[in-house]
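Please keep the structure open while reading.

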Amino acid sequence: MGSLTNAEGLRFGVVVARFNEVVTNLLLQGALETFERYSVKPEDITVVSVPGSFEVPITAQQLGKSGKFDAVLCIGAVIRGDTTHYDAVANSAASGVLNAGLSASIPCIFGVLTCEDMDQALNRAGGKAGNKGAEAAITAIEMASLFRHHLC
């Protein structure tokens with residue numbers, strides 16, 4: 001099990017989609033506040049902005065392969081519309097983030113919301129359902145610690 005109390009020296013890449021930025025900005029804020037709460041220094045966090053959730057995985061893979069990070073946190077929000085575009089983007093983002101982690105051999109954490117509507121997304125970005133960006137940051141810390149201290 002990774003530690004949440006020993007985040008010193010761990011480095012994180014964060015890929016955040018700009019599409020649906022009213023949601024993704026809140027997720028990013030929650031993640032950054034959580035990193036700070038767990039003593040991750042700002043200089044150990046690199047945030048990269050991409051157009052949308054479809055572009056998140058390839059960017060996560062490049063960050064992972066750079067060797068500069070212990071984990072990459074992927075943030076986005078895919079909200080269902082009137083077409084099947086939602087399914088394509090949501091599925092591609094999920095499988096892409098998984099493949100990025102496998103390819104780069106570091107944890108790539110899936111912090112991409114897949115929601116039915118904007119209200120549901122906002123509830124998961126700091127509303128009634130908490131902040132899933134903050135939860136994903138905790139997962140990133142734990143997994144980075146696990147890999148650094150127990151698996152490598």
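The points below go through the sheet, the helices and a few single residues.

1. The structure is a predicted model, and local features are taken up only where pLDDT is at least 70.

2. The sheet as a whole. Four strands form an open sheet in the order β2-β1-β3-β4, and their pairing is parallel. Its edge strands are β2 (45–50) and β4, each of which pairs on one side only. On average, neighbouring strands of this sheet are turned by 15° against each other, with direction ignored.

3. Strand β3 and its partner β1. β3 covers residues 71–79 and is mostly covered, with eight of its nine residues buried. Strand β1 (residues 12–17) pairs with β3 in the parallel sense, over five bridges.

4. Strand β3 and its partner β4. Strand β4 (residues 108–115) and β3 also pair in the parallel sense, here over eight bridges. One place to look is Ala77, whose bridge partner in β4 is Leu113. Between these two strands the chain passes through helix α3 (residues 85–104), and this β-α-β crossover from β3 to β4 is right-handed.

5. Helices lying across the sheet. Which strands does helix α1 lie across? Helix α1 (residues 21–37) lies across β1, β2, β3 and β4, and runs at about 155° to β3. Helix α5 (residues 132–151) lies across β1, β3 and β4, and its angle to β4 is about 160°.

6. The α2 and α3 pair. Two packed helices are described by the angle between their axes and by the distance between the axes. Helix α2 (residues 56–65) packs with α3 at an angle of about 10°, and the axes are 8 Å apart. Angles under 35 degrees count as roughly parallel, and α2 and α3 are therefore roughly parallel to each other. On the α2 side the contact involves Val56, Pro57, Ala60, Gln61, Gly64 and Lys65. These meet Ser92, Ala93, Gly96, Val97, Ala100, Ser103 and Ala104 in α3. By type, the residues of this contact divide into seven nonpolar, five polar and one charged.

7. Ala60. This residue lies in helix α2. Is Ala60 buried or exposed? Its relative accessibility is 0%, so Ala60 counts as buried. Leaving aside neighbours within four places in sequence, Ala60 is in contact with Val15, Val72, Cys74, Ala100 and Cys108. The C-alpha atoms of Ala60 and Ala104 are separated by 8.8 Å, although the two residues are 44 residues apart along the chain.

8. Thr59. Helix α2 also holds Thr59. Thr59 counts as buried because its relative accessibility is 17%, and the cut-off for buried is under 20%. With neighbours within four places in sequence left aside, the contacts of Thr59 are Val15, Val48 and Val50.

9. Tyr86. Helix α3 contains Tyr86. At 10% relative accessibility, this residue counts as buried. Beyond its neighbours within four places in sequence, Tyr86 is in contact with Val78, Ile79, Arg80, Gly81, Thr114 and Cys115. Tyr86 and Thr114 are 28 residues apart along the chain, and their C-alpha atoms are separated by 8.5 Å.

10. Two residues with positive phi. In general, most residues other than glycine have a negative phi. Asn20, in the loop between β1 and α1, has a phi near 60°, which is a positive value in a residue other than glycine. Ser105, in the loop between α3 and β4, likewise has a phi near 60°. How does each of them stand for exposure? Asn20 has 18% relative accessibility and so counts as buried. Ser105 has 52% relative accessibility and so counts as exposed, the cut-off for exposed being over 50%.

Terms used
Residues are numbered from 1 along each chain as its sequence is written. This is a predicted model: local features need pLDDT of at least 70, side-chain atom pairs count only at pLDDT 80 or more; totals for chains, interfaces and linings use all residues. Side-chain values use heavy atoms; hydrogens and water are left out. Buried means under 20% relative accessible area, exposed over 50%, partly exposed in between (1.4 Å probe, protein chains only). Two strands pair if DSSP finds at least two bridges between them. A crossover is right-handed if, with the strands pointing away from the viewer, the path from the first strand over the helix to the second runs clockwise. Axes are lines fitted to C-alpha atoms, for helices over the stretch in contact, and angles run from 0 to 180 degrees between N-to-C directions. Contact means heavy atoms within 4.5 Å. Angles under 35 degrees count as roughly parallel, over 145 as roughly antiparallel, 65 to 115 as roughly perpendicular and the rest as oblique. Ala, Val, Leu, Ile, Met, Phe, Trp, Tyr, Cys and Pro count as nonpolar, Asp, Glu, Lys and Arg as charged, and the others, Gly among them, as polar.
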